[in-house]
Amino acid sequence: MKTICKKLISLLLGVCLLLGGMISVSAIDAKAGGTFHISVVHTNDIHGNILADDENQVLGLARVKTFYERQKKGNDLTFLFDAGDYFHGQSFATVDQGKAAAELMGACGYTAMTVGNHDWNYGKDRLKELESLLKEEKFMFAMLAGNVINPLENNTFFKNKTYTVSLERPYGKMKVAIFGVFDPRLVSATAPENTDGLWFEDMQDYAQERANSLKQQGYQIVICLTHCIDPVALASSVDNVDLWVAGHDHKQIAQTVTTPNGGKSYVVENTSNLNTIGNVEIECTLDANGNVASLSMEEKTVSYEEGFYIPEHPDMLSRIEEIKAEQAPLLEKVVGYSPEYLDGSWENIRIGETGLARAVTNAYLLETGADVAMENAGGIRSSITKGDVTYQDVLNVSPFGNYVVTLHLTGEELLSMMERSLEIMRQNQAANLSGDYDAWPQNSGNLLQIAGMQITYDMEKPNGSRILSATVGGQKLVADKEYTVAMNNYLATDTVDYPELTGKSMVCEYGACVDILAVYFQLESDEILQDIKTKNLVAFRSESEEDNGVPEPVTPVTPPMVVPENPTQLPVQNSTHNIPTNTQVQSENVTLQKSPEIPNTGFDFDASVPISFACALSVFSLLLKRKSRGKETEK
């Protein structure tokens, strides 16, 4: 009888191994040594780059889901975390203030996230709504930033402080706890009204208190999600946190640090924009008493080159297409009115001022209250016709997902930047007159369009001494005075053409350029007219000089440029959502339940220029040439 039983057991084990996945390899290996195999898949600073974009090396959430599902099949526990700056950036996320982004985060199966400074950009009330939207999904999820306090309620701003998992195997019980902290120094990196009334506890003190408490409760592994300026320094100052999953620095980090009591902690972070997928492989062996006998962690980042061959999950792709269809009415929604045709044509925006350039920079002034606003000419990609302005119109003008920031620059630094911009303009004008597209300089798009500041210049003067006079807010510019300057975040990092920006800290970060421009067109027509007719770049001409120089930009005959669609998606394989039946998930203040499947639940959303054939052919030829230039040059 015993022989028969042994044969039956051997046969059953063989069948299980043959089927693959019914008994994981990690579980079988663990019986001998009591070792748990855990995978922590992590992302950070996605900035709305949810859709795959091969041109810009964005892997997309559909690939993340496939990779996450694969990891779950080979580990005892698998988590999917995000370390903030997820909900804001690209138009796919901003058009409905993060709703589509929240739904797809849920569909992807994220376990938990902490918040970044840009996640506050829609305001604290909207961020709470996005948390609630994620809670409505039938899966486990927690938004974690326990050091964000609502004084009116005398409680944490987010629903949960901690996310915990307990997993029992024949060889032991593993308990994992996750909490989150947000760097109070980043509060100034979003508009003040977005966090008005909230209090941010010191993140080091909070993390230490939380980690100590969780270890005392018997959690063998404690993980902290953080969005902070220097995660390595933070990790080095806190005991009892085993793994830090970080965001904000946009750096690739995989570093072991020593904590104050001599312990070890592991810190990881990806770069940004979903160019890579983070993956920490953890092996934790327990002794007979359930204590940690050994713990090892290794970051195995999935590069873009590797991730490109991961098939996109079909369920995610299907839901993305549905959301695009749902967003169409939002893109067609009228956001304002333009009293005139506003020129944003590729050439004219690079050889001088246009009405659209003045509208864009004045929109930045209106949003930020800065002294001066700047926009690189390459950041403006389309024109706007007279009449009603739709969200699609402003998206065509500003399609890059940039956002507005403010910096402090001295009057001397402003003059230096504008002198360099005038030289770029001179080269652009010469190329324009030559009629040869290849004559345009590679940095043609870095000409600066401005508002709030007016300069008078003489192109006949030597390079570097062309500015004859400059005023800010109607007052003479003072060389050693510090001015607040608004610009898009892309321009703020251009230290090649504008070394004056090197080392400049961002004073404040605001919303997406596209949304700020949409709000601008809600102004009264006379206010817009005054802005677009006020010259900020004034060319000096003597009374005797004939006006035979470069003409003022003219209204083009080309229609507004259309933002290209995303490239064709790759074929994908189907995969299932497997959840260990003996995994328990609990969180403070609430019990979260897993469901065997992630539903694809939708949400209700609130939400003519003639051209000759010859001209069309010419424009098409120009666009082909432009396509061959790099994106950095174009911007």
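## Strands and pairing

Strands (E, at least two residues) and helices (H or I, at least four) are DSSP runs that are numbered from the N terminus, and two strands pair if DSSP finds at least two bridges between them. The structure is a predicted model, in which local features need pLDDT of at least 70, side-chain atom pairs count only at pLDDT 80 or more, and totals for chains, interfaces and linings use all residues. Residues are numbered from 1 along each chain as its sequence is written, and side-chain values use heavy atoms, with hydrogens and water left out.

## A sheet of 3 strands

The strands β6, β5 and β9 form an open sheet in the order β6-β5-β9, and their pairing is antiparallel. Because β6 (155-156) and β9 (199-200) stand at the edges with a single partner strand each, one side of each is left without a neighbour in the sheet.

Strand β5 (residues 148-150) is joined to β9 by 2 bridges, and these two strands run antiparallel. Val148 has Phe200 of β9 standing opposite.

Most residues other than glycine have a negative phi. His47 counts as buried, with a relative accessibility of 10%, where buried means under 20% relative accessible area, exposed over 50%, and partly exposed in between (1.4 Å probe, protein chains only).

Asn240, also a residue other than glycine, has a positive phi near 75°. Asn240 lies in the loop between α8 (231-236) and β11 (243-247), and with a relative accessible area of 28% Asn240 is partly exposed.
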